[in-house]
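Hello,

Here is the structure I promised to pass on to you. My notes on it follow below.

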Amino acid sequence: MRFFALLKKELRECLPWMATAAAILLLIGSIKLIDSKQRQIGDQYRVFERYSEVTGYELLRHPISDFSVLVFMSAVGLGLALGVRQFWVDDFMGTWGFIVHRSTRRITIFAAKICAGLISMILAIGLVWWYLFWRANSSGYFVFPLPEKCFIGGWLICGIGLLAYLGAGLVGLSKTRWYTTRLMGLGFALWMFITLIQQWTLWWGFGTLVIGTVVLLFLMWETFLNREF
């Protein structure tokens, strides 16, 4: 019961940031889809010289093909906001001592925070991305459906926000100086992101995401359990 009470508290604190990110992604995404639907398909073709070679991607543009930047910015922005809210604010306000010096074990407190952050990311970014993908593939938007590979790739982009969340959380838990190793968490998350975008297949991308997530979680867990609040 203590875990669920803590989880409810963390979700309540994450709710404003989660709702803001979901609303922005849904609003801008819907505007893009409506704009694409109103255009004529013929306007999406460029003017080419007769008998010239044309690559396939220059002919047609799916209305959701440019959503990757929007999903990326929403996921990273939400991840950073949640990391600051859950692991920085208590440090600034000096409330860590009240939180950890109770009968509840530290591992339970840490698990509640991480689960709340993960649930917030899934609800605010993942479900909105699923809705936009489904809506873009419905009739009336374009002449051909988007493959499932793009849907999976969108979830991989959502996972980048998880790296930003864990990196920001690790920075907030660290007690080292800003000019030494305190920014290591965000630096490692950035390095894993660069490594991820260089992968040629989705499976290697998800593998990189899992490795980065496990390393950051372990570092946060060790720091939280051994830190003197």
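What is the mean pLDDT of the protein, and what share of its residues reach 70 or more? The mean is 82, and 80% of the residues reach 70 or more, where pLDDT is the predictor's confidence in each residue, from 0 to 100. This is a predicted model, so to read the notes below: local features need pLDDT of at least 70, side-chain atom pairs count only at pLDDT 80 or more, and totals for chains, interfaces and linings use all residues. Residues are numbered from 1 along each chain as its sequence is written, and side-chain values use heavy atoms, with hydrogens and water left out.

Two stretches call for some care. Over residues 40-46 the pLDDT stays under 50, and the model has 7 contacts there beyond four places in sequence (contact means heavy atoms within 4.5 Å). Residues 54-59 also have pLDDT below 50, with 7 contacts in the model beyond near neighbours in sequence.

Now to the helices (DSSP runs of H or I, at least four residues, numbered from the N terminus). The axes of α2 (residues 67-87) and α5 (residues 106-136) come within 10 Å and cross at roughly 160°; axes are lines fitted to C-alpha atoms over the stretch in contact, and angles run from 0 to 180 degrees between N-to-C directions. That makes α2 roughly antiparallel to α5 (over 145 degrees). On the α2 side, the contact includes F67, V71 and L82, and on the α5 side W129 and L132 are among the residues. By class, this contact has 13 nonpolar, 5 polar and 1 charged residues (Ala, Val, Leu, Ile, Met, Phe, Trp, Tyr, Cys and Pro count as nonpolar, Asp, Glu, Lys and Arg as charged, and the others, Gly among them, as polar).

L82 also comes up with P16 of helix α1 (residues 2-38): their C-alpha atoms, 66 residues apart along the chain, are separated by 10.0 Å. P16 is partly exposed, with a relative accessible area of 47% (buried is under 20%, exposed over 50%, partly exposed in between, with a 1.4 Å probe and protein chains only).

For α6 (residues 148-173) and α8 (residues 202-226), the axes come within 9 Å and cross at roughly 20°, so these helices are roughly parallel to each other (under 35 degrees). Their contact divides into 16 nonpolar, 8 polar and 1 charged residues.

Lastly, S174 lies in the loop between α6 and α7 (184-197). S174 counts as buried at 12% relative accessibility, and R182 and T223 are its contacts once neighbours within four places in sequence are left aside.

Best wishes

Terms used. Helices (H or I, at least four residues) and strands (E, at least two) are DSSP runs, numbered from the N terminus. Angles under 35 degrees count as roughly parallel, over 145 as roughly antiparallel, 65 to 115 as roughly perpendicular and the rest as oblique.
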